[in-house]
Amino acid sequence: MFRTTAAALALGFATAPMAFAEAHALSGDLVIFSDMSNPAPRAVMEGMVARFGEMHPDLNVELTVIDREAFKTQIRNFLTANAPDVTNWYAANRMRPYVSADLFDDISDLWAEPEIADNLASTKGAMTLDGKQWGVPYTYYQWGVYYRKDIFDQYGLTEPATWAEEKANCQTLLDNGVKCYTIGTKFLWTAGGWFDYLNMRTNGYDFHAALTNGEESWTSDQVRATFANWRELIDMGAFIDNHQSYSWQEALPFMVNGDAAAYLMGNFAVAPLREAGLDDDKLDFYQFVRINPDVALAEDAPTDTFHIPTNARNKEAARAFLRFVVSAENQTIINAGDALGQLPVNAASSVDDDKFLKQGFEMLSSNSPGGVAQFFDRDAPAEMAAVAMEGFQEFMVIPDNLEDILQRLESARSSIY
């Protein structure tokens, strides 16, 4: 565990604009618990504390950094017994246990302020439960289709925008001996990504969120339509063979070697693909295509967050810190390539000069009106996620088992929620 004060950290950081400090003089102690324990995130957290402390010289900011895995087991205890004023956590359904236990404060009024309402609109759904907002995001990253641009060029293909175009591209690739998609489902969650996108594109974000929250049936016509779309690709032979034998990393060589043309994956796949020799002339990205024209586009963008515990002592300073965290300038600083190397949540921020981060930022800021999901195993409770993702993998291998799979998932829903 690490403990420090803003005063001790202040040296070496540029003075931030005085607009925040001039708005109101804060005093007392601001206690922050953080799980940003890896070196780069820790430096980011310490930097934020230092800059915020400079802006509020009468405020004593105390930062405690806890190992990320230990944090997950300790959070309920410290929220109940000795709550800080600000704590890290995660968005969407991962918030629900602490919202339901009345351990996180409702900060919906902050989300009504123009700076947040206008510039963080794409992430509002991820921070909303029961019609209220319970925290703010500070970083996220995009998912989408990373593809071999040189292979597309070789066969005269362009980035698809519709389901029909996606399947037409796929058929051309298959006709030339190239699998459409690599994937490794050995550890199940990658199949969850495919379900997320197919379900959100078929039925929309609201239905998807209701399904992962146990409010919709797995045997519904809507869910069956999602699997019917998925089966179109499976029956074509779109995915690499024996994907259940590979981790997501072990599936990368199929794309690197040109045996498969694309990968539905998070932006973290870019670094190993580049390291394997795919420069930006060979590697490109597109948003998962529209399937149902009546459904607004929504995205998977796992999001890390800050919250104010219900039992916090200095909520005025805590709220000021949350405003600072999501401000355009701070978002630019903490998500830069030499910091977190991810995407700012504020649409008015500058994104790091990286091809894929720029594409992801544009997509999430301007072209995800349907909402932002967190990923299946974050949006669904752990027990449901495990059962469902086993079913997704099984379906990809033996699609004729769909009816049995759906019945198992519906039975799990009845017992878990």
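The model is predicted. Helix α12 (residues 221–236) packs with helix α19 (residues 382–397), and α12 also packs with helix α9 (residues 163–175).

**Packing of α12 with α19**

- Helices α12 and α19 pack at an angle of about 45°, and their axes are 10 Å apart.
- The two helices are therefore oblique to each other.
- On the α12 side the contact is made by F227, W230, R231 and I234, and on the α19 side by F392, F395 and M396.
- Sorted by class, this contact of α12 with α19 has six nonpolar residues, one charged residue and no polar ones.

**Packing of α9 with α12**

- Between α9 and α12 the angle is about 10°, with the axes 11 Å apart.
- Because angles under 35 degrees count as roughly parallel, α9 and α12 are roughly parallel to each other.
- From α9, the residues W163, K167, C170, Q171 and L174 take part; they meet N229, E232, L233 and M236 in α12.
- The contact of α9 with α12 divides into five nonpolar, two polar and two charged residues.

**Helix α3**

- Helix α3 (residues 39–55) has 17 residues.
- From its first C-alpha to its last, α3 reaches 25 Å, close to the 24 Å expected at 1.5 Å a residue.
- The buried residues of α3 are V44, M45, E46, G47, M48, V49, A50, R51, F52, G53 and M55.

- N267 is in the loop between β10 (260–266) and α14 (270–275).
- A polar contact of 2.8 Å joins the side chain of N267 to the side chain of Y146.
- Not counting residues up to four places away in sequence, N267 touches Y141, Q142, Y146, F356 and L357.
- T310 lies in the loop between β13 (303–307) and α15 (315–325).
- With a relative accessible area of 18%, T310 is buried, because the cut-off for buried is under 20%.
- Leaving aside neighbours within four places in sequence, T310 is in contact with D102, L103, F104, D105 and K315.

**A buried residue in a helix: A412**

- A412 is in helix α20 (residues 402–416).
- A412 has a relative accessible area of 9% and is therefore buried.
- A412 touches M384 and V387, not counting residues up to four places away in sequence.
- C-alpha to C-alpha, A412 and A388 are 8.7 Å apart in space, and they are 24 residues apart in sequence.

- D130 is not a glycine, yet it has a positive phi of about 55°.
- D130 is in the loop between β5 (128–129) and β6 (132–133).
- F375 is placed in the loop between β14 (371–373) and α18 (376–379).
- F375 is buried, with a relative accessible area of 5%.

Terms used:
Residues numbered from 1 in each chain as written. Predicted model: local features only at pLDDT ≥ 70, side-chain atom pairs only at ≥ 80, totals over all residues. Heavy atoms only, no water. Axes fitted to C-alpha atoms, helices over the stretch in contact; angles between N-to-C directions. Helix = DSSP H or I, 4+ residues; strand = E, 2+ residues; numbered from the N terminus. Parallel < 35°, antiparallel > 145°, perpendicular 65-115°, else oblique. Contact = heavy atoms within 4.5 Å. Nonpolar A, V, L, I, M, F, W, Y, C, P; charged D, E, K, R; others polar. Polar contact = N/O pair within 3.5 Å; in protein donor to acceptor, adjacent residues only side chain to side chain. Expected span 1.5 Å × (residues − 1). Buried < 20%, exposed > 50% of the residue type's maximum accessible area, 1.4 Å probe, protein only.
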